[in-house]
2 protein chains.
Amino acid sequence: MNQLDATFAALADPTRRAILARLIQGEASVMELAEPFAMSQPSISKHLKVLENAGLISRGRDAQRRPCRLEAKPLAEANDWLERYRKIWEGNFQRLDALLGAMKAEKAPDSTDQ
Amino acid sequence: MNQLDATFAALADPTRRAILARLIQGEASVMELAEPFAMSQPSISKHLKVLENAGLISRGRDAQRRPCRLEAKPLAEANDWLERYRKIWEGNFQRLDALLGAMKAEKAPDSTDQ
DNA sequence: CTTGTATATAGCCAATCAGGTATATACCCT
DNA sequence: AGGGTATATACCTGATTGGCTATATACAAG
């Protein structure tokens, strides 16, 4: 499983996305992370392991606590992948550039297309 | 399963990402999409169904062909979600703003941090 | 109406997943 | 050492996944 696979798979679960969102505010222990969820502690630990294996969190040691912190860099790769599609979703076109090329500016381009 | 779940889950498979990448170049039939892969046609059809259910492709009809085209809009939502983390991965900091606040500009801020 | 081509569906299987409970481990405190 | 707290691991289960083969459907062309 490559990095991109692992990243997207980790992000596919809403519990894990919520955990990452929480970690934007800073480090948190497993108990703290588990608190908002109607889910057992071992299940949260499992989600944390998925995030850790994907490189999206790292863990420290504070007495018996294992605080989690966000490691956002792998998200950059996912973001880069998505960027390839940006012009398509933002322009609301499907190969519009090629189409325009084929039409050879039949009409004056007035940019009112959306 | 919400939209974001479906989007990220669809993107977690390299075959599906390759199919989407191919579709940037324009519509393609199932056979055309299957060609680069050492995989049976029904398996490709299954992947296409996952992409369609996630709203990432739509399909037309051309005789017995069912051409696929990219529907990139759902990717915008995924991109928006990732954007929340951009300043973290780009700044190479972990709650640096809060940390700087706590230190109360102990040193003159010269912006050479990265 | 038969044949060929493109695609979808059904059913099988092994692997993974997401949850659970029970238990083990790690660390602190007295 | 013994007790409490935080976390991890082991194991079970049902659902989902990703692949396969075999078969069904949709359409075009003769």
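Residues are numbered from 1 along each chain as its sequence is written, with chains lettered from A and ligands numbered from 1 in the order in which they are written. Because the model is predicted, local features need pLDDT of at least 70 and side-chain atom pairs count only at pLDDT 80 or more, while totals for chains, interfaces and linings use all residues; side-chain values use heavy atoms, with hydrogens and water left out.

Contact between the chains (heavy atoms within 4.5 Å) takes 33 residues from chain A and 33 residues from chain B. Of the interface residues of chain B, 100% are also interface residues in chain A, so the copies meet through the same surface.

The size of an interface is often given as the accessible area lost when the parts come together. Here the buried area (the accessible area, with a 1.4 Å probe, that two parts lose on being put together, summed over both) is about 3100 Å² for chain B and chain A, with 66% of it on carbon and sulfur atoms. Of the area that chain B buries against chain A, 19% is supplied by B:Arg17, B:Ile24 and B:Trp89, more than by any other three residues.

Two salt bridges (a side-chain nitrogen of Lys or Arg within 4 Å of a carboxyl oxygen of Asp or Glu) are found across the interface of chain B and chain A. A:Asp5 is paired with B:Arg17 in a salt bridge whose closest N and O atoms are 2.7 Å apart. Four residue pairs, both residues at pLDDT 80 or more, are in polar contact between chain B and chain A. A polar contact is a pair of N or O atoms within 3.5 Å; within protein, one must be able to donate a hydrogen and the other to accept it, and residues adjacent in sequence count only if both atoms are side-chain atoms.

On the side of chain B that touches chain A, at least two residues each come from helix H1 (3-11), helix H2 (14-23), strand S2 (68-70), helix H5 (73-83) and helix H6 (86-91) of chain B. Helices (H or I, at least four residues) and strands (E, at least two) are DSSP runs, numbered from the N terminus. H5(B) gives the largest share of this side, eight residues. By class, the side of chain B that touches chain A has 19 nonpolar, six polar and eight charged residues. In this classification Ala, Val, Leu, Ile, Met, Phe, Trp, Tyr, Cys and Pro are nonpolar, Asp, Glu, Lys and Arg are charged, and the others, Gly among them, are polar.

DNA strand D is surrounded by 24 residues, the closest being A:Met31, A:Arg59, B:Ser43, B:Lys46 and B:His47. A residue is near a strand if one of its heavy atoms lies within 4 Å of it. Of the atoms of DNA strand D that come within 4 Å of the protein, 65% belong to sugar and phosphate. Phosphate oxygens of DNA strand D lie 2.7 Å from a polar side-chain atom of A:Arg59 and 2.5 Å from one of B:Ser43. A base nitrogen of DNA strand D is 2.8 Å from a polar side-chain atom of A:Gln41. Two or more residues of the surface near DNA strand D come from each of helix H3 (30-34) and helix H4 (41-53) of chain A and helix H4 (41-53) of chain B. H4(A) provides the largest share, five residues. The surface near DNA strand D divides into seven nonpolar, eight polar and nine charged residues.

DNA strand C is likewise surrounded by 24 residues, with A:Ser43, A:Lys46, A:His47, B:Met31 and B:Arg59 the closest. B:Gln41 places a polar side-chain atom 2.8 Å from a base nitrogen of DNA strand C. The largest share of the surface near DNA strand C, five residues, belongs to H4(B).
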